[in-house]
Amino acid sequence: MKRRFQLKLLGGRDIEQVHRESLRILRELGVRFPHKDYLEAFKKMGARVDFDTEIVRFPAEVIEEALEIQRRNTQAYHRAHEQIDPNDYTQKFFMSGGNMRYLIEPGTFERRLATLRDMLQAIVIGNALQHVTRVSAFLIPSEYEAGLADIIQLYLLSLYSQKRYFFTYIYSLESARCLIDMARVVAEDDFQFRNGSLIEYELEPSGHLEFAREHLEIAAEFARRKMKIGTTHWSWMGYHTPLSYASLLALTNAHILAGTAAIIALNPENMYYRYIFPAHCVNRRDTSVPLMGSPHQVVFAWAARQLADFYGFPFCIANSGFSDALEDNFQSGFEVGVTAALSIAAGITCLGVKGVVGVDQGASLQRLVTDNEMMDYLNFVFSRSVDMGELALDRPAIEGAPRGGNFLASLQEGERLERAYWDSEIFFSGKYESWHSGISRESIRRRIESILRDHYPPGLVIAEGKVSELEAVMGSHVEDRSFVSRLRADLHRALAEDQ
Amino acid sequence: VRGATVKPSVFQVLSPEELGKIHERSLSLLARVGVRVPHPEILGILASTAGIRVEEGAQTVRFSPEIVEASIRGAAKSFSLFGRDATVRINFGCGERIYLSSPGQYAWVDEDGEQRRSPRLSDARDAIKLGDALENIRWVGAMAAAVDVPAEVRDIYLTRELLRGTRKPAWAWVGNGNTARHILKLYEIVLGGSRQLREHPPLLCFVEPISPLGYSRDGLDILLEYSRYGLPVCSGPMATAGSTAPVTLAGTLVQENAEILSTLVIAQRLSPGSPFCYGGIPHTMDPRTVEISFASPEFLLMAVCTAQLARHYGFPVYINTGMSDSKLCDAQSGLERGITMALGVMTGADTFGHLGICGFDQAASLNQLVIDDETIAYIERFLRGFTVDEDTLAAEVIERVGIGGNYLADEHTIRHLRAEIWVPRLLNKDNWERWWSSGHRSLAEVASERKRQLLSTHQQAPLEPGLAKEIDELAERATEELVTGR
């Protein structure tokens, strides 16, 4: 894949060595898959399966074959549905998939438990922001049992999101079954039902070289319905892998390759594949969390892009454009900006979920709006080539201007100005005299208020009949019989409140 | 063992054909329109050169393409600047990255968000001390245009403070030819003579053409003084798209390139073969206020292009990245500084900055300088890359930890911790509970504390007392000549 910017970290031999080391780990150490269907499918594929320990050792050919099938499926998908130009560096981003219990208040940075109304507002803001492509309800509502959050999220997105590309983390097997049935109601056709735009599962290892039984059950549910599955490993260098870049690449890649084989094992028609490499470094001050905004994110992103290219997958996701800062300050801007810019320059297709503060410490609409503005800035940089046409070179203006004169009259040329300038409603660029502390923060607050004033409460985007069908599906899956009526009543109240 | 390292100079916007087109248009502009050179002595020198057409009445000079090309070929493409005792040096045109603090600002911010004030000589002393202490600041600026020193000799006193306060290469803005002469004498005293000044140049001549297509008399006076010592010359017009250059980026690049090439020709006529640095610092303005911007995406695009143009000619390049239009230590400032610095270093440029500035030359801030130093460490860590070998691939370690384990306490982790993991001094990495309960201090507060700590503990290497006395006496004589005796 030829990219305009030839940003590379690893040599060709390095990439091959990482790949070989991943294959060696899978061949010699193996991975535990505590699920009978998977074990049997792997055996048929040619893997060495120990049914007692549930450990599967993969010969290289099994992995290569799984990769080849995914490549074929993915190429066909991209040809038919989603063209990817390796020289298009502009970005759309995903909102966080909805595992956040707290909302962080703009300005004060105090955090509080989230409510149903916060979720609705997040959907409204996500729909209004130009660079958000995949919308989520962002939060876990405190009024409900946490295990129901994913069902509530998909319900709200189905009812109120104009953008029909949703992101919802799946919390349990019971939820997964309900979400799949809900997606069947909402989907306009079988393609939309299966392509992951409404609901998607990402199969992840639960620990070092092992997957959890429940996760495999969820994946199997999706595979049975021929719904698209992805795989990834949220790995932290120094915790899930040894503390060296090379071993992180080899081991994380091994987990991803094992997941890839699992996807193909139960559904060789899996629609398409994205190489998702959300690697981090452990935080040595608090080893229960990783670092989100360290310089390592750039290294991981560059290596991820090279691995994805090595395997022939054009869409590559890496976790960049994050920060460890817990308030919106210089640190948040710097860490987000540097890691995002350098990852985009390397050809990362998507920078992971946005609007998150620290390591899932809370969701912030302020951060989401800032992330959107940053993406606008970077998209301007990466979408432009400098126009070298005769008009742009503008010999008459230069030669005609008096020496010591100026070109201010060109500000009157509206179309040219629009092409040449990036403008920001949020970032301040005036003189010291016209500045006062907090001016950017106020601009963000005004932006959020303006969106909510214009779009809140959101209108229904599906027919009433579909709403009833969705509620019937939820009622049939959730044990608490009062859940649906309570949700309906709470929703009514949330929509009636002033923004 | 193989190193996976990042190779800057790969971030490019212009194709070779486009570079050629800008060059060709710049040559045409210099031949047809030329530049204004308001300096009779220099006009006289230029008039005697084949390929240069001087129109004395209009003070206009036109250059043939041949003389421009010959000047490009003739100038030295790499050079070093030395500190006061030649033990510390920075190298241009060799792949080094040089980060510099501001040579001088006309306003001063003590703490983030406070009202700005006029700077004093004591502020410059603090700035120099801090620049000396911060490991990533390799070229120390005086940062403060001290208003408690008469304007006629301000740069002389600031240079004296630089010579006293740091062994790193250092600079302050130079006002005119009169002060330039005294500043060069200060260096002669400290370095031990004019030969040492030539052999171990401690400073370069920063020429700032006045866009469009002009020069100031003072700037040319300084160039003439510095050229007597064959010192390196850097040309950095601040052509601003839409106000002092065409609104189109291509047009601005053509004009700025022509201005830089004109300085090159003049400098090479005054001191043939002297080193040259391409100062790629075109800017844009905010069309709502007509104020210059130091961090717009268009500015970043042009910084990339100027780095390409400089490399096309083979010159080292000085770009103005790592700055922000924000006046505060806020998210906008972090985003703009971070993005422009990160993509700036990927152009393969030599020099970045100026650091420690609030907004577009709105003030200097030592807190900001401390933060900028930390951000450079962050970027340099990424650029360092990593090693792929048997030890770092850690196959044995992975087997030892086995299925379901973790690596936190493994010997391999402890052994590699320092080399692999960059640990920030200022950036906060706490979880929410720890951050909130420890007072949720802002980055600006943390930076301010580090600034105070460095200012109270850092020991500068003193200038030898005899030399210190001599430069004091010279500064006093300069005051008598340029202020008292006026």
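Tutor: We will take the interface, then one chain, then one residue.

Tutor: This is a predicted model: local features need pLDDT of at least 70, side-chain atom pairs count only at pLDDT 80 or more, and totals for chains, interfaces and linings use all residues. Residues are numbered from 1 along each chain as its sequence is written, chains are lettered from A and ligands numbered from 1 in the order in which they are written, and side-chain values use heavy atoms, with hydrogens and water left out.

Student: How many residues of chain A are in contact with chain B?

Tutor: Contact means heavy atoms within 4.5 Å. Here 122 residues of chain A touch 129 residues of chain B.

Student: How is the size of an interface given?

Tutor: Often as the accessible area lost when the parts come together. Buried area uses a 1.4 Å probe and is summed over both parts. Chains A and B bury about 10,900 Å² between them, with 66% of it on carbon and sulfur atoms. A:Phe330, A:Arg403 and A:Tyr432 supply 9% of the area that chain A buries against chain B, more than any other three residues.

Student: How many salt bridges are there between chain A and chain B?

Tutor: A salt bridge puts a side-chain nitrogen of Lys or Arg within 4 Å of a carboxyl oxygen of Asp or Glu. The count between the two chains is 8. Take A:Glu335 and B:Lys429: their closest N and O atoms are 2.6 Å apart.

Student: Which helix gives the most to the side of chain A that touches chain B?

Tutor: Helices are DSSP runs of H or I, at least four residues; strands are runs of E, at least two; both are numbered from the N terminus. Helix H11 (residues 330-346) of chain A gives the most, with 13 residues.

Student: Now one chain. How many helices and strands are in chain B?

Tutor: Chain B has 18 helices and 20 strands. Its C-alpha atoms fill a box of roughly 85 × 55 × 50 Å along the principal axes.

Student: Is B:Ile292 buried or exposed?

Tutor: Buried means under 20% relative accessible area, exposed over 50%, partly exposed in between (1.4 Å probe, protein chains only). B:Ile292 has 19%, so it is buried. Of the 486 residues of chain B, 65% count as buried.

Student: Where is B:Ile292 placed, and what is it in contact with?

Tutor: B:Ile292 lies in strand S15 (residues 291-293) of chain B. Leaving aside neighbours within four places in sequence, its contacts include A:Ser429, B:Met238, B:Phe360 and B:Asp325. B:Asp325 is 33 residues away along the chain, yet the C-alpha atoms of B:Ile292 and B:Asp325 are separated by 8.9 Å.

Definitions and conventions:
Buried area = accessible area lost by both parts, 1.4 Å probe.
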